[in-house]
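Hi everyone, and thanks for coming.

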Amino acid sequence: MPSFEKRMRAFAHAFRGLRVFSTQWHARVHAIAAVIAIALGFVLGLSAAEWCSIVLAITVVCACEAVNTAVELIVDRISLEVHPLSGKAKDVAAGAVLLSAIGAAIVGAIIFGPKLWPLIF
């Protein structure tokens, strides 16, 4: 069983991985969208179930963005040569981010849409 010190180091490494949101442009865009959604949630007074949906959607998008960055970094590290499989791996990882972002946008539309519609029109 790992010592407490080793566990704390593991957490430190994991938190260092969250730098993806300061180094990757798309990750920053997702982080800004998350902050807007959270602020809007407070303003509109979301229910517990709505908060759970929003938090889950944000978490999935952020996790996909981090995995996408990891795939890009490891593929670039393995070889600097352009290879069709490298491109496909990057495309699939980016597709996962896109799919999660579309899902998050749908969740946002379902939750925020009915609350914002009367305020806009």
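Let me start with a question: is I111 buried or exposed? Before I answer, please keep in mind that this is a predicted model. The answer is that I111 is buried, because its relative accessible area is 8%, and the cut-off for buried is under 20%.

So where are we in the chain? I111 sits in helix α5, and α5 covers residues 84-120. If we set aside the neighbours within four places in sequence, I111 is in contact with L46, E50, S53 and I54.

Together with A37, L46, I54 and F112, I111 makes up the largest nonpolar core, which has five residues in all. As a general background point, nonpolar side chains in soluble globular proteins tend to be buried together.

Helix α4 runs over residues 48-78, and its axis is 9 Å from that of α5, at an angle of about 165°. That angle is over 145 degrees, so α4 and α5 are roughly antiparallel to each other. The crossing of α4 past α5 is left-handed. Sorted by class, the contact of these two helices has 17 nonpolar, five polar and six charged residues.

Next, how do α3 and α5 pack, and at what angle? Helix α3, residues 25-44, packs with α5 at an angle of about 25°, and their axes are 12 Å apart. With that angle under 35 degrees, α3 and α5 are therefore roughly parallel to each other. Here too, we have a left-handed crossing as α3 passes α5. On the α3 side, the contact is made by H30, A37, L40, G41 and L44, and on the α5 side by V97, A101, F112, K115, L116 and L119. By class, these residues divide into eight nonpolar, two polar and one charged.

That leaves α3 and α4. Their axes are 10 Å apart, and the helices pack at an angle of about 175°, so α3 and α4 are roughly antiparallel to each other. From α3, the contact takes in H26, A27, H30, A34, A37, I38, G41 and F42, while α4 brings W51, I54, I58, V61 and E65. Nine of these residues are nonpolar, three are polar and one is charged.

Let me finish with two single residues. One is S100, which also lies in α5. S100 is buried, with a relative accessible area of 11%, and, not counting residues up to four places away in sequence, S100 touches V60, V61 and C64.

The other is F4, in helix α1, which spans residues 4-17. Why does F4 count as exposed? Because its relative accessibility is 62%, and the cut-off for exposed is over 50%. From F4 to A93 there are 89 residues along the chain, and their C-alpha atoms are separated by 34 Å.

Technical notes:
Residues numbered from 1 in each chain as written. Predicted model: local features only at pLDDT ≥ 70, side-chain atom pairs only at ≥ 80, totals over all residues. Heavy atoms only, no water. Helix = DSSP H or I, 4+ residues; strand = E, 2+ residues; numbered from the N terminus. Buried < 20%, exposed > 50% of the residue type's maximum accessible area, 1.4 Å probe, protein only. Contact = heavy atoms within 4.5 Å. Axes fitted to C-alpha atoms, helices over the stretch in contact; angles between N-to-C directions. Parallel < 35°, antiparallel > 145°, perpendicular 65-115°, else oblique. Left-handed = near helix turned anticlockwise from the far one by under 90°. Nonpolar A, V, L, I, M, F, W, Y, C, P; charged D, E, K, R; others polar. Core = buried A, V, L, I, M, F, W, Y, C linked by side-chain atoms within 4.5 Å.
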